[in-house]
Amino acid sequence: MLKDSHHQNFFDQITSSLIEAVIIIDKKGIIQTVNSAVADLFGYSQDELSGENVRILMPEDEAGKHDSYIDNYNKTGKAKILNAGREVKGQHKD
């Protein structure tokens, strides 16, 4: 969940009608909040994902690389992989 209920409510109002999955993570890759489309797509509840590393939603081959992408972005401020349009596989809960 986002740090305060006002921001969480605002996020929920904006994203509740979207069919696209929206995930907000912090600079360490920890999930702060997700919209309901993420829960539908991946099979996790929003509460299950809050506080988890975003790697939980990736297959092992992608998950192993993700921390280095985040570290690189945090050190350089340049998004080589992050924020780039690309197609990736996801990992469903089951």
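Is Lys75 buried or exposed? Lys75 is exposed, because its relative accessible area is 72%, and exposed means over 50%. This residue and several others are shown in the views below, which are drawn from a predicted model.

**Figure 1. The overall fold of the predicted model contains 4 helices and 2 strands.** Read from the N terminus, the elements follow the order α-β-β-α-α-α. The radius of gyration is 13 Å, close to the 12 Å that the globule rule gives for 94 residues, so the protein is as compact as a globular protein of that length. Along the principal axes, the C-alpha atoms occupy a box of roughly 30 × 30 × 25 Å. Of the contacts between residues at least 6 apart in sequence, 35% connect residues at least 24 apart.

**Figure 2. The surface of the protein carries carbon and sulfur as well as charged side chains.** The accessible surface amounts to about 6,600 Å², and carbon and sulfur atoms account for 51% of this area. Buried residues represent 27% of the 94 residues. There are 11 positive and 15 negative side chains in the protein, and a distance of 11 Å separates the centres of the two sets.

**Figure 3. The largest nonpolar core consists of 10 residues.** Its members are Ile31, Val34, Val38, Phe42, Tyr44, Leu49, Val54, Leu57, Met58 and Ala63. Two elements, strand 2 (31-34) and helix 2 (36-42), each give two or more residues to this core. Met58, one of the core residues, is in contact with Ala63, His66 and Gln91 when neighbours within four places in sequence are left aside.

**Figure 4. Lys75 and Asn72 both lie in helix 4.** This helix spans residues 60-76. Lys75 is exposed, with 72% relative accessible area. In sequence, Lys75 and Lys65 are 10 residues apart, and their C-alpha atoms are 16 Å apart in space. Asn72 is partly exposed, because its relative accessibility is 26%, and this value falls between the limits of 20% for buried and 50% for exposed. If residues up to four places away in sequence are not counted, Asn72 touches Gly77, Lys78 and Lys80.

**Figure 5. Glu20 occupies the loop between helix 1 and strand 1.** Which residues does Glu20 contact, leaving aside its neighbours within four places in sequence? The contacts are with Asn35 and Ala37. A further pair in this view is Glu20 and Ser36, which are 16 residues apart in sequence, with a C-alpha to C-alpha distance of 9.3 Å.

Methods: Residues numbered from 1 in each chain as written. Predicted model: local features only at pLDDT ≥ 70, side-chain atom pairs only at ≥ 80, totals over all residues. Heavy atoms only, no water. Core = buried A, V, L, I, M, F, W, Y, C linked by side-chain atoms within 4.5 Å. Buried < 20%, exposed > 50% of the residue type's maximum accessible area, 1.4 Å probe, protein only. Contact = heavy atoms within 4.5 Å. Rg over C-alpha atoms; globule rule 2.2 N^0.38 Å. Areas by Shrake-Rupley, 256 points an atom, 1.4 Å probe, with all protein chains shown as cover. Lys, Arg positive; Asp, Glu negative; His and termini not counted. Charge placed at Lys NZ, Arg CZ, Asp CG, Glu CD.
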